[in-house]
Amino acid sequence: MTAYADHKPLTFHDAAGRFTDGGDNPRAYLERCLQTIAQREPVVKALTAMNEAGARAAADASAARWKAGKPLSSIDGMPIAIKDLLETRDMPTEMGCAVMKGNFPKRDNAAVWALRQAGAVILAKTVTAELGGAHPGPTTNPFDPRRTPGGSSSGSAAAVAANMVPAAIGTQVGGSIIRPAAYCGNVALKPTQGGINRGERLATSQSTHGPHAGCLEDMWHVAIEMAKRCGGDRGALGLMGPDALPAAIRPNRLIVLQTEGWPDVDASTRAGFAQVLGQLEAAGVTLIRRADHPFVEALEQAVANGRAVCNGITSWENRWYQRGMLDAAPDGLSVRAKATLAKAEAMTPDDYRTNLLARQQAQLAHAAVASLADAAITLACPGPAPVWSGDVPGQPLAPRPTGDFVFNAPSSMLFAPAVTVPLMSVGGMPVGVQLMGQQHEDARVTGLARWLSENLKRIATPA
């Protein structure tokens, strides 16, 4: 286990620069990843399946393209792991769920297809919380195995943080990309809603695909190379932007969002975030808070019930297929999943409509602040990843064993792009900060995140 203070993320873009002159090659890069997996996986437990033979063949083909000076893209040869909610033609898709054990459709999700078309090496499937919900899998935090890596993209976040792969694909409905990245010290992009084609994963109106990575270059390259090939969801414009990492953009004004999570933030995390904001002010960035403008206050109020709105919408939309699963296999879902389904089945159509209306009103409030600032900045999680040792028999279920998505609900319900930046540590554990932009400003928010990464020092506070 590597201490977070000593952690050096695994990156690909810099290694790719040596592929053409023979200083390195995709097969050698892959073998280093496999060696790290052999060392770290017994404790981290991030992976559900691997295709080593297929990955080696893909890496060899990539090496030949690089040698010939004809790579398919900037991510040609990059080993990538895929969250086990997304179908892969060469590995099972079991969704962290007993009902789905042995499910092997032998076809690729649209985004996975796009990655292969770009030359990426699809190496492994990563652990997801059951059906992308709240019931955790076995994955541990790479910097403290007692702690959760977050959910539901737990394996994707942990595999990147453990340097098993330079990038992995996660999905988010409430907070499943941004929060795990924050707990594991990764960068990650939760795109504008519909930014990357979800293929078969269209059951819920808030689900998005997005990359975890060790650096912004790899994060952006993976996202844009997928979007260039498979586009966005049906009816959506899809992620747009340059092939290369967007240039750094110095923010002039940033909205500081508290959200409903602020009362639950511990003192050390508050102190660290205050120091991050202090660095921004020292650099001449104007910070706008809820007391400074009525539009910001209106936005805060509009997202003040974000957790409940996200949960209500998503549980209602998931109830139909989950009821079918439960009817077919009464013991195939966890007690936690059954409890979530019971709440959903107690909802009425008007309950769902009320949540949709709240989401629509929040999106209008967010659009209203567009002229006030370049983006919004807030925490990506309430503090360090919580310790999770499992449910205790006879005791009530822990309500959020993979952590609280309270700081992620706003970007999900607003359909807004968000980037996690690892700017803090508390008690030696990562705590992420996130930037959130207006819809379709993915490239701009990434440029702002780049400026923060290049100009702010990481803040460390004691627990």
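**Reading the pockets**

Modeller: The model shown is predicted. Its largest pocket holds about 1,200 Å³ of space.

Biologist: Which residues lie nearest the centre of the largest pocket?

Modeller: A lining residue is one with an atom within 4 Å of a pocket point. Here 50 residues line the largest pocket, and those nearest its centre are Gly132, Gly133, Ala134, Asn311 and Thr340.

Biologist: Which element gives the most to the lining of the largest pocket?

Modeller: Helix H10 does, with ten residues. Among the elements that each supply at least two residues are strand S4 (167-172), helix H10 (306-328) and helix H11 (335-345). In terms of domains, at least three lining residues come from each of domain 1 (12-230) and domain 2 (253-305 + 351-461).

Biologist: How do the residues of this lining divide by class?

Modeller: The lining of the largest pocket has 21 polar, 19 nonpolar and ten charged residues.

Biologist: How much space lies in the second largest pocket?

Modeller: The second largest pocket holds about 230 Å³. It is lined by 13 residues, and Val187, Leu216, Val421, Ser453 and Glu454 are the closest to its centre. Helix H7 (216-230), strand S10 (418-426) and helix H14 (442-455) each give two or more residues to this lining. By class, the lining of the second largest pocket comprises eight nonpolar, four charged and one polar residue.

How values were computed
Residues numbered from 1 in each chain as written. Predicted model: local features only at pLDDT ≥ 70, side-chain atom pairs only at ≥ 80, totals over all residues. Heavy atoms only, no water. 1 Å grid on protein atoms, 1.4 Å probe; cavity = no way out; pocket = protein on both sides within 12 Å on 5 of 7 lines; lining within 4 Å. Points joined across faces, edges and corners; volume = space filled by probe spheres on them. Helix = DSSP H or I, 4+ residues; strand = E, 2+ residues; numbered from the N terminus. Nonpolar A, V, L, I, M, F, W, Y, C, P; charged D, E, K, R; others polar. Domains from an automatic or database assignment.
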